[in-house]
Amino acid sequence: MPKSQVVTPEKAFEKGFIHFEDIPVCQYNKTLKEELKIYSKDDLIRIYRDMRIIREFETMLNEVKTKSEYQGIPYNNPGPAHLSIGQEASAVGEAYSLDINDLTFGSHRSHGEILSKGLSSIHKLDDNELYDIMKEFLGGNILSIVEKHMPANGNIKELAINFLLYGALAEIFARTTGFNKGLGGSMHAFFIPFGIMPNNAIVGGSGPIALGAALYKRSNRKKGIVIANSGDGACGRGPVLEAFNFASMDQITKLWDNGSGIGMPILFNVFNNHYGMGGQTRGETMGYDMVARLGAGFNPEMMHAERVNGYDPLAVIDAVSRKKQLLLDGKGPALLDVVTYRVSGHSPSDSDSYRTPEEKEIWINADPIKAYREKLVLGGVASEDDFNAIDESIISRMMSVMKLAINDEISPRMDLNKDPDAIS
């Protein structure tokens with residue numbers, strides 16, 4: 001401990017008050033006219049496409065689990081499927097302003113997080129960088145499969161989307177051609193070249209793990225920030241709260257590097273979908289009322305906490321972009337309370353006995369993808385026909401990806417594989 005920081009009775013017993021600042025709650029209020037000055041038409045449509053890809057990917061997984069088929073394609077997947085249907089705007093909004101130097105560690109239900117970060121990376125990388133990443137990953141094995149069976153007519157970015165979807169799905173289906181050779185599965189999938197770090201089957205497990213990555217970046221002056229994703233149910237977990245505390249320690253800004261004032265470059269991003277496994281966090285299992293309030297307990301800056309509407313992708317983009325800049329300026333850590341909802345159960349076997357059908361129906365009707373689409377149609381950004389064409393293209397692509405991922409000759413099952421090099 002530093003002997004330079006002398007503790008005296010005079011200072012310890014000094015009279016005064018602890019003051020708190022206001023924590024912003026769902027303050028984003030830009031009009032579409034204002035947003036069109038920030039985003040191009042292509043940007044706005046791409047945001048829709050990314051949300052729609054995630055929705056279709058998880059719809060496919062849900063139907064495989066509950067009906068043993070998707071679009072007439074039969075398949076049975078015995079593995080887990082912790083889905084985030086309803087949370088797509090939050091995931092796409094988070095990933096929009098990130099690049100491959102920014103590391104994201106997944107929550108308990110991270111398919112959407114993986115896909116959104118991957119799609120964002122594909123958009124930002126130039127074709128040569130993108131192709132080199134695919135060619136070098138696992139000796140180009142996944143790339144060769146996708147190039148042969150889903151070639152995309154020479155469009156490298158479209159090829160990369162096929163690569164992302166196939167690599168992720170093959171991993172979830174425990175195929176040796178998956179991103180992690182089928183060894184990680186649904187709950188431990190990752191793709192490090194895009195800054196997509198492992199998700200975690202332990203609730204809140206990414207909190208302290210992501211903190212370690214942030215400590216590495218802070219100590220070695222590495223580019224980018226780190227995001228620790230979790231759900232609101234994880235906010236009662238000791239390791240998550242310990243990560244908040246460690247990231248906020250005074251010594252980081254006041255003692256390290258001769259008191260440089262540079263904080264930890266980590267954003268604790270909470271996908272607040274209102275429920276843990278079977279308990280409602282707000283009003284039942286937690287006492288903070290709003291997750292953002294937790295920031296007040298860890299440092300005078302209240303971790304720059306903010307609560308944001310996670311059903312509006314542009315509101316999330318705005319918040320994450322501001323927090324990223326704050327972290328790059330050395331003012332971390334930060335906390336985001338992203339309000340969303342999972343209309344899917346905790347898993348496909350969840351009976352949903354802890355919430356009413358009426359409540360679910362209200363949130364289903366507030367569907368962020370539908371609302372965003374209606375906003376762009378009413379604003380003249382795109383037509384219903386434009387969006388219908390996007391939807392049809394995504395469904396067709398998903399069917400092709402699934403057929404490829406369940407083809408035993410092209411995508412061998414990890415548990416039946418006889419080639420020791422495939423899992424070495």
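**Salt bridges and the parallel sheet**

D99 forms a salt bridge with K324, with the closest N and O atoms 3.7 Å apart. A salt bridge here is a side-chain nitrogen of Lys or Arg within 4 Å of a carboxyl oxygen of Asp or Glu. The pair links distant parts of the chain, 225 residues apart. D99 sits in the loop between helix 4 (88–95) and strand 3, and K324 in helix 12 (residues 313–328). Helices (H or I, at least four residues) and strands (E, at least two) are DSSP runs, numbered from the N terminus. D99 is partly exposed, at 27% relative accessibility. K324 is buried, at 11%. Buried means under 20% relative accessible area, exposed over 50%, and partly exposed in between (1.4 Å probe, protein chains only).

The model is predicted: local features need pLDDT of at least 70, side-chain atom pairs count only at pLDDT 80 or more, and totals for chains, interfaces and linings use all residues. Residues are numbered from 1 along each chain as its sequence is written, and side-chain values use heavy atoms, with hydrogens and water left out.

A search of the whole structure finds 28 salt bridges. One of them joins R373 to D391, with the closest N and O atoms 2.9 Å apart. R373 lies in helix 14 (residues 368–378) and D391 in helix 15 (residues 384–405), so this pair ties together parts 18 residues apart in sequence. R373 is buried, with a relative accessible area of 13%. D391 is buried too, at 12%. Salt bridges with shared partners also join K30, E306, D318, R322 and K323 into one network.

D132 and K135 meet in a salt bridge at 3.8 Å, N to O. Both residues belong to helix 6 (residues 127–136). They are 3 residues apart, which means a separation of about one helical turn. D132 is partly exposed, at 34%, and K135 is partly exposed, at 43%.

An open sheet contains 6 strands in the order 4-3-5-6-8-7, with parallel pairing. Two strands pair if DSSP finds at least two bridges between them. Strand 4 (196–197) and strand 7 (306–309) are the edge strands, each pairing on one side only. Strand 3 (residues 103–105) runs parallel to strand 5 (residues 226–231), and 3 bridges join them. T104 has I227 of strand 5 as its bridge partner.

Helix 9 (residues 206–220) lies across strand 3, strand 5 and strand 6 (266–272). Its direction is about 170 degrees to strand 5. Axes are lines fitted to C-alpha atoms, for helices over the stretch in contact (heavy atoms within 4.5 Å). Angles run from 0 to 180 degrees between N-to-C directions.
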